[in-house]
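I opened a new notebook page for this protein. My plan is to look up its parts one after another and write down what I find.

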Amino acid sequence: FVTYETPEGALEALKLDGDEYWGRNLKVEYVRGKEKAKVDDAEAFVKGLSPEMTEETLRGHFAECGEIESLRVPKTGDCRTKGVAFISFKTQDALSKALALSGKDLGGQPITIEKAKQRESKGKGKDGKGKSGGKGKSKGKGKGKGA
């Protein structure tokens, strides 16, 4: 995350959304405060993609559904896709058309398309105490205290 000192600087950075940088596409969003922007209402989650899938192939496949606002393809360290993509469409109608393509082949294998869900926050559990639920590391019972 990058924090700008002025709103003008942040607005200037928004112009870079979708640009390619070192072979990767930039995703630039304006977020106020510490809350992450919510999932787009017309965003699809695509899974079952081959590791060699390209963004261009995805754009071509889903272009018939309607105008694509943004497309994200998470990648591994060796620049292969993780087998999933997030596609934001301009309209609900375009999303509906994309959802209808679930189960169809893309790149020789069937893909699954679902409406994207709000991400769960990472880290602390729902009670705010972390994942273990314990009181921290135990020092052991009576270690070095005699019997």
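Entry 1, a term first. I call a residue buried under 20% relative accessible area, exposed over 50%, and partly exposed in between. I looked up Glu 12 with this in hand: its relative accessibility is 47%, so Glu 12 counts as partly exposed. I also note that the model is predicted.

I found 3 helices and 8 strands in the protein. Along the sequence I read them in the pattern α-β-β-β-α-β-β-α-β-β-β. The protein has 147 residues, and buried ones make up 24% of them. Of the contacts with a separation of 6 or more, 58% are between residues 24 or more positions apart.

I asked in what order the strands of the open sheet lie. The order is S4-S5-S3-S8, and these 4 strands pair in antiparallel fashion. Strand S4 (68–72) and strand S8 (112–115) are the edge strands, each pairing on one side only. Neighbouring strands in this sheet are turned against each other by 20° on average, direction ignored. I then looked at one pairing: S3 (residues 43–47) and S5 (residues 84–89) are joined by 5 bridges. Within this pairing, Phe 45 stands opposite Phe 86 in S5.

Helix H3 (residues 92–99) lies across S3, S5 and S8, and runs at about 150° to S8.

Is His 61 buried or exposed? His 61, which sits in helix H2, has 19% relative accessibility and therefore counts as buried. Neighbours within four places in sequence aside, I found His 61 in contact with Leu 101, Asp 105, Leu 106 and Ile 111.

Entry 6, salt bridges. I looked up how many salt bridges the structure holds, and the number is 6. One of them joins Glu 12 to Lys 15, with the closest N and O atoms 3.2 Å apart. Lys 15 counts as exposed, at 58% relative accessibility. Another is formed by the side chains of Glu 69 and Lys 90, at 3.8 Å from N to O. Glu 69 is in strand S4 and Lys 90 is in the loop between S5 and H3, so this pair ties together parts 21 residues apart in sequence. Lys 97 and Asp 93 meet in a salt bridge as well, at 3.5 Å. These two are about one helical turn apart, because they are 4 residues apart in helix H3.

Asp 17 lies in the loop between helix H1 (7–14) and strand S1 (20–21). Asp 17 has a relative accessible area of 31%, so I list it as partly exposed. Residues up to four places away not counted, Asp 17 touches Leu 26, Lys 27 and Val 28. The C-alpha atoms of Asp 17 and Glu 29 are 7.6 Å apart, though 12 residues separate the two along the chain.

Leu 16, Tyr 21, Trp 22 and Leu 26 form a nonpolar patch on the surface. Together these residues have about 500 Å² of accessible area. One of them, Tyr 21, lies in strand S1.

How values were computed: Residues numbered from 1 in each chain as written. Predicted model: local features only at pLDDT ≥ 70, side-chain atom pairs only at ≥ 80, totals over all residues. Heavy atoms only, no water. Buried < 20%, exposed > 50% of the residue type's maximum accessible area, 1.4 Å probe, protein only. Contact = heavy atoms within 4.5 Å. Pairing = 2+ DSSP bridges. Axes fitted to C-alpha atoms, helices over the stretch in contact; angles between N-to-C directions. Patch = residues over 30% accessible without salt bridge, like charges linked within 9 Å, V, L, I, M, F, W, Y side chains within 5 Å. Areas by Shrake-Rupley, 256 points an atom, 1.4 Å probe, with all protein chains shown as cover. Salt bridge = Lys/Arg side-chain N within 4 Å of Asp/Glu carboxyl O.
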